[in-house]
Amino acid sequence: MSLKSIILKGYFSRREAAIDYFRRHPAEGQERMLRYLLRRGQNTEFGWRYNLKGIRTPEQFASSVETFDYDTFRPYRERMLAGERNVTTEGRVELFAKSSGTTSDRSKYIPVTRESLWRNHTLGMRDVATLFSAAFPRSSVFAGKTLTLGGTCCREGRNLVGDLSAVLIHETTVWSGWFRAPRTATAILDDFDLKCERICRECTGERITAFAGVPSWNLELMRRVLEYTGRRNLLEVWPDLTLFAHGGVEFGPYRRSFEELVPSPDMHYMETYNASEGFFAIADDFTRDDMLLMLDYGTYYEFRRDGRIVPLEGVECGGVYAMLISSNNGLWRYEIGDTVEFTSTNPYRIRFAGRTTQYINVFGEEVIASNTDAALARACDRTGAVVDEYTVAPLYMSLDERGAHEWVVEFAVPPADERRFGEELDGALREINSDYDAKRRTTLDPLRITRVPPGTFLAWLRRRGKNKVPRLSNDRRVAEEIVGATA
């Protein structure tokens, strides 16, 4: 047995025991986590303001500390970005995960403390290996490396800011090269085409046994690997490929393409829930379609439903809740904007249920309704068009075609040049949303306009008994119903 295997076997054994413990004692673990966070936060400005030192119970915590979202947390975040110490967490925060998210800002900044880097995000990645090893103890996946397609990061003053994946790769360089490919300098390149080219050169000769990341980005990369090698599928490039650990967007639309890429019954797909705000859940049972909520990562959970906020032990199986976290990255009673459905309370398992606002995030673009409304207003202003109704749906990526957004539009006043209208709309959305712009430069084609006759949306609303048109959908159901009615 290799030294690497001996080290991993001992580590996995210890982590399996820890995971099993919080599975069996979730309430005890969460109360202990809250006490730990209160101790860490009591000597910060936030701690003094809310008297965290005097809080002893979850009930006191809930009654003493108000809730926050991205906008209401802004004053604390801006001071951390400016370099102030002991704002909501001990010391100075120097790392920030950056994405457009579901906020009114073009980009959002989420603090990542050194503790959350290791005890939350990195521990979560290690637990992916732990749980996979427990499910498939004879797998040879750890004999090779995991190909990780990261984003990019850069210095903004004294802060390191960028995609969470890039920040993690940048900060874990010393040990991760033993398990991960490509080289750090390649993994965090800003130029996606150059990154793919270098990954092809560096990694096609490596023993890659797994890959990890967002499905849409990885699908594009894998297409280029096949073009580079001239192979028919990935098993001809990496015959030991066994695992894809994915997250960030819904995997369902991509599964068939990945099964074509890796035509093997021994290939496994493992869902993770690793957001900028924290690593929250991992699929631990490959016979199920949900994820185990991870309870020892430095996060205390609360959940909101119908205006009522409850701790973990207050949720009901089958219920859909907005998630609030207090965590070792300096966030307190912070509503992250996600909703989850509890599929089990013994142990606690969840499915990602969506955003608390309308959104489209099939390709990692994180476009929200305020983005599309603003982009449409600009396009109409620049072309003289007037739009009565619209909805946006994804056109899914395949092995042969890139993804795109389809805008189903009902014009009151059509533009003189529909192609120019589409170009203006696409350009405006790229200006407004940095993640959409990044995907347009790499994995997404220009948006497509599908024009429907006047009255189409009204007829759909009447048939469906609704009074509002969903502006954004993460699937094609609404768009196809509306367009299909005109056929």
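Predicted model: local features only at pLDDT ≥ 70, side-chain atom pairs only at ≥ 80, totals over all residues.
Me: Which ring does Arg305 lie over?

Reply: In it, Arg305 lies over the face of Tyr321, at 5.4 Å from the ring centre. Another case is Arg119. Arg119 lies over the face of Tyr36, at 4.7 Å from the ring centre.

Me: How do I read strand pairing, and which strands pair with β14?

Reply: Here is the general idea. Strands of a sheet pair through backbone hydrogen bonds, in a parallel or an antiparallel way. Now the case here. Strand β12 (residues 299-305) runs antiparallel to β14, and 6 bridges join the two. Phe303 has Met323 in β14 as its bridge partner. Strand β15 (residues 334-345) also pairs with β14 in the antiparallel sense, over 5 bridges. There, Ile325 stands opposite Tyr334 in β15.

Me: How many residues lie between the strands in the hairpin of β14 and β15?

Reply: There are 6 residues between the strands. Gly330 takes a positive phi, near 90°.

Me: Next, sheet order. What is the order of the open sheet of 4 strands?

Reply: The order is β2-β1-β5-β4, and the pairing is mixed. Now find the edges. β2 (108-112) and β4 (153-156) each have a single partner strand, so one side of each is left without a neighbour in the sheet.

Me: In which sense do β1 and β2 pair?

Reply: Strand β1 (residues 95-99) and β2 pair in the antiparallel sense, over 5 bridges. Ser99 stands opposite Lys108 in β2.

Me: Which helices pack on this sheet?

Reply: Find what each helix touches, then its angle. Helix α5 (residues 74-81) packs on the sheet and touches β1, β2 and β5 (159-162). The direction of α5 makes about 70° with that of β2. Helix α7 (residues 164-171) lies across β1, β2, β4 and β5. Helix α7 runs at about 135° to β5.

Me: How do I find the buried face of a helix? Which residues of α5 are buried?

Reply: Start with the turn. An α-helix has 3.6 residues a turn, so residues three or four places apart point the same way. In α5, the buried residues are Tyr76, Arg77 and Met80. Seen down the axis of α5, these residues fall within an arc of 95°, so they line one face of the helix. Their cover includes α3 (45-49), β1 and β2.

Me: What follows α5?

Reply: Gly83 follows α5, and its phi is positive, near 100°.

Me: Now ring pairs. How many aromatic pairs are there?

Reply: The count comes to 34 aromatic pairs. To read one, take the distance between centres and the angle between planes. The rings of Tyr50 and Phe68 have centres 6.4 Å apart and planes at 90°, so the pair is edge-to-face. The cut-off for that name is over 60 degrees. This pair links distant parts of the chain, 18 residues apart. Tyr50 is in the loop between α3 and α4 (58-64), and Phe68 is in the loop between α4 and α5.

Me: Are Tyr50 and Phe68 buried or exposed?

Reply: Compare each relative accessible area with the cut-off: buried means under 20%. Tyr50 has 10%, so Tyr50 is buried. Phe68 has 5%, so Phe68 is buried too.

Me: What kind of pair do Phe251 and Phe258 make?

Reply: Their ring centres are 5.7 Å apart and their planes stand at 35°, so the pair is tilted. Both Phe251 and Phe258 are buried.

Me: Which rings join Tyr50 and Phe68 in a cluster?

Reply: Follow the pairs from ring to ring. Ring pairs link Tyr50 and Phe68 with Phe46, Phe61, Phe73, Tyr76, Tyr300, Trp332 and Tyr334.

Me: One more sheet. What is the order of the open sheet of 3 strands?

Reply: The order is β19-β20-β21, with mixed pairing. The edge strands, β19 (386-395) and β21 (448-451), each pair on one side only. Strand β20 (residues 404-413) runs parallel to β21, joined by 4 bridges. Trp407 stands opposite Ile449 in β21. Helix α13 (residues 369-383) lies across β19 and β20, at about 130° to β19.

Note on methods
Residues numbered from 1 in each chain as written. Heavy atoms only, no water. Pairing = 2+ DSSP bridges. Contact = heavy atoms within 4.5 Å. Axes fitted to C-alpha atoms, helices over the stretch in contact; angles between N-to-C directions. Buried < 20%, exposed > 50% of the residue type's maximum accessible area, 1.4 Å probe, protein only. Arc of directions from axis to C-beta. Phe/Tyr/Trp six-rings, centres within 6.5 Å; stacked < 30°, edge-to-face > 60°. Lys NZ or Arg CZ within 6 Å of the ring centre and 35° of its normal.
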